[in-house]
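Work through the exercises below with the sequence and the model side by side. Try each task before reading its solution.

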Amino acid sequence: MSRKKISTTVYITEEQNEMLKLLNKKTKVPIAEYIRQGIDLVLKEYENEIPGQMTF
């Protein structure tokens, strides 16, 4: 399922950037996709901290 995406700016460390480039070179998965996956992991871990969220 494709969801509408918005553009934003994220600052990462040089080490994170280099590791993501290596991962992208090996897998051909866009770096932005890895960043989105990382955000999803954080949101899942802290979902109880987000007001108005219900868990099933």
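**Exercise 1: R36 and its partner**

Task: classify R36 as buried, partly exposed or exposed, then find the salt bridge of its side chain.

Solution. Step 1: R36 is partly exposed, because its relative accessibility is 31% (buried means under 20% relative accessible area, exposed over 50%, partly exposed in between, with a 1.4 Å probe and protein chains only). This is a predicted model, in which local features need pLDDT of at least 70 and side-chain atom pairs count only at pLDDT 80 or more, while totals for chains, interfaces and linings use all residues. Residues are numbered from 1 along each chain as its sequence is written, and side-chain values use heavy atoms, with hydrogens and water left out.

Step 1: the R36 side chain forms a salt bridge with that of E33, at 3.1 Å from N to O (a side-chain nitrogen of Lys or Arg within 4 Å of a carboxyl oxygen of Asp or Glu).

Step 2: both residues sit in helix α2, three residues apart, about one turn of the helix. Helices are DSSP runs of H or I with at least four residues, strands are E runs of at least two, and both are numbered from the N terminus.

Step 3: E33 is partly exposed too, at a relative accessible area of 26%.

**Exercise 2: The other salt bridge**

Task: how many salt bridges does the structure hold?

Solution. Step 1: the count is two. Step 2: besides R36 with E33, the side chains of K44 and E47 meet at 3.5 Å, N to O. Step 3: K44 is exposed at 56%, whereas E47 is partly exposed at 26%.

**Exercise 3: The largest pocket**

Task: which residues are the closest to the centre of the largest pocket?

Solution. Step 1: the volume is about 550 Å³. Step 2: of the 16 lining residues, K5, I6, A32, R36 and I39 are the closest to the centre. Step 3: by class, the lining has seven nonpolar, three polar and six charged residues.

A pocket is an open set of points on a 1 Å grid over the protein atoms alone, where a 1.4 Å probe fits, with protein on both sides within 12 Å along at least five of seven lines; lining residues have an atom within 4 Å of a point.

**Exercise 4: Overall form**

Task: is the protein spread out or a compact globule?

Solution. Step 1: the secondary structure comes to two helices and zero strands. Step 2: the radius of gyration is 14 Å, well over the 10 Å that the globule rule gives for 56 residues, so the protein is more spread out than a compact globule. The radius is taken over C-alpha atoms, and the rule is 2.2 Å times the number of residues to the power 0.38. Step 3: along the principal axes, the C-alpha atoms fill a box of roughly 40 × 25 × 20 Å. Step 4: 4% of the 56 residues count as buried.

Note on methods. Grid points are joined across faces, edges and corners, and a volume is the space filled by probe spheres set on the points. Ala, Val, Leu, Ile, Met, Phe, Trp, Tyr, Cys and Pro count as nonpolar, Asp, Glu, Lys and Arg as charged, and the others, Gly among them, as polar.
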